[in-house]
Amino acid sequence: MSVIAHWIEQAGINTVVIGSIKPQLEKIKPPRALWVPFELGRPLGPPSNPEVQLQVLRQALGLIETAQQAIIEDFETDDPRATPAKVWNAPGIDAMTTVAEECAALKVYYQQQCVSQSRTSVGVAKTPIIELAELFDHVYQHNKLKEIREDISSRLMFRLALDDLKAYYIEAALGNNKQPSSVQIYDWIWKDTLLGKQMRELRKRFMESDDKKISDLGAKFIVPHQWRD
Amino acid sequence: MARLNEMVEGLRTTVETLDCPTFSDAAFTSARPLNECRVALISTAGLMRRNDDNVPGNSDDYRSFDKTCQNRDILINHISVNFDRTAFAEDANTVLPKDLLKTLAEDGTIAKAADTHYSFLGATGAAQLEKNAKRLAEELNELNINTVCLLPV
């Protein structure tokens, strides 16, 4: 967020923002900014491509040395990973009747990715993935949130569960190391998996709730704009 | 994808109408040779350490990631569903490029990569962040950091 740059710069520290939304950079006018033509969520651009990432970082930091007044510069190279990978195939799993079954079938792909990267982005819910899948199945089948931890509301727990389930599916899609584009991964999740189809359905059901917190959860925090019906 | 004309309508409307504060007293610190820069990173991805408490949905505070913190310890805990998470899942440096910053320090491009990097929750209202952003600026000065690269998601 470019406003933070102002407050840091006021303390005598040089700042540069790497930003993806040009109109916001133009409105807020941080001291120095590099606009990048990348998808939101990847300010350094293509994953597993340190060459391009270093180009971005070098150009951004270069503004500290060269800019004599507030500036917004463009990074000219598009993200090479925005192009669909021809060799990628979605994880080969049969149609399932529950998300818990689907998660079990995807486990081998997910584990491949964890081993190859020595890390996982799953973990914000601090709960085993199979329990999160079972929570999802319960909520979908009963159309009602369920409390599974005393220290956290059922609404927040469900949002964290969705984040972890999505991260698990993303890593399963990455598991064969064929470097798919984000669109390929999200196409598969939102159109082809049981989880994706049921999240889209659940969004519509929640939005009809008389409870504003539930309708907000459905409206804003389940399905990205791009995949909303 | 971050070009407005390539965004789906709902997302484009959201980013176009987002309230953006302006500054009449905008600060601008004089240019500095790159090889004198001691650089820290500030992400607004709502990052958390795996074993820490979750980032509250309206958090105005920042989290610190010191040199004991490995990429495998860092998670995104942002409330928005409207940004790509596949890149971070594959490569944490797309969001918090601390390994790349070390490369630039090792090849002499910059003077030093900070030992500690930081993250706010970018979804929090700008005015709410001011107090802790200024507190972080004091902390950075105490640590002798003279340059910051900010990375919104």
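Predicted model: local features only at pLDDT ≥ 70, side-chain atom pairs only at ≥ 80, totals over all residues.

## Stop 1

Residues are numbered from 1 along each chain as its sequence is written, chains are lettered from A and ligands numbered from 1 in the order in which they are written, and side-chain values use heavy atoms, with hydrogens and water left out.

Switch to cartoon and you'll find nine helices and three strands, in the order α-β-α-β-α-β-α-α-α-α-α-α from the N terminus on. Helices (H or I, at least four residues) and strands (E, at least two) are DSSP runs, numbered from the N terminus.

## Stop 1: between the domains

How many residues of domain 1 of chain A are in contact with domain 2 of chain A? Five, and they meet four residues of domain 2, with contact meaning heavy atoms within 4.5 Å. The two domains bury about 410 Å² between them, with 29% from carbon and sulfur atoms. Buried area here is the accessible area (1.4 Å probe) that two parts lose on being put together, summed over both.

Select Glu39(A), Ser48(A) and Arg81(A): in domain 1 of chain A these lose the most area to domain 2, together 83% of what that side buries. By class, the domain 1 side has one nonpolar, one polar and three charged residues. The classes go like this: Ala, Val, Leu, Ile, Met, Phe, Trp, Tyr, Cys and Pro are nonpolar, Asp, Glu, Lys and Arg are charged, and the others, Gly among them, are polar.

Across this domain interface there are zero salt bridges, a salt bridge being a side-chain nitrogen of Lys or Arg within 4 Å of a carboxyl oxygen of Asp or Glu. Three residue pairs are in polar contact there (both at pLDDT 80 or more). A polar contact is a pair of N or O atoms within 3.5 Å; within protein, one must be able to donate a hydrogen and the other to accept it, and residues adjacent in sequence count only if both atoms are side-chain atoms.

## Stop 2: where chain A meets chain B

Bring chain B into view. Here 86 residues of chain A are in contact with 86 residues of chain B, and the two chains bury about 7300 Å², 63% of it on carbon and sulfur atoms.

Which charged pairs cross over? The rule finds four salt bridges between the chains. For one to look at, select Arg81(A) and Glu90(B), which form a salt bridge with the closest N and O atoms 2.8 Å apart. Polar contacts between chain A and chain B come to 33 residue pairs (both at pLDDT 80 or more).

Next, β1(A): this strand pairs with β7(B), residues 147-151, in the parallel sense over four bridges. Strands pair if DSSP finds at least two bridges between them. Centre on Val16(A) and you'll see Cys149(B) opposite.

## Stop 3: two last selections

In chain B, go to Arg49(B), in strand β2 (residues 47-49). Its side chain makes a polar contact with the side chain of Asp66(B) at 2.7 Å.

Finish in chain A with Arg205(A) and Glu201(A), a salt bridge with the closest N and O atoms 3.2 Å apart. Both residues lie in helix α8 (residues 194-207), four residues apart, about one turn of the helix.
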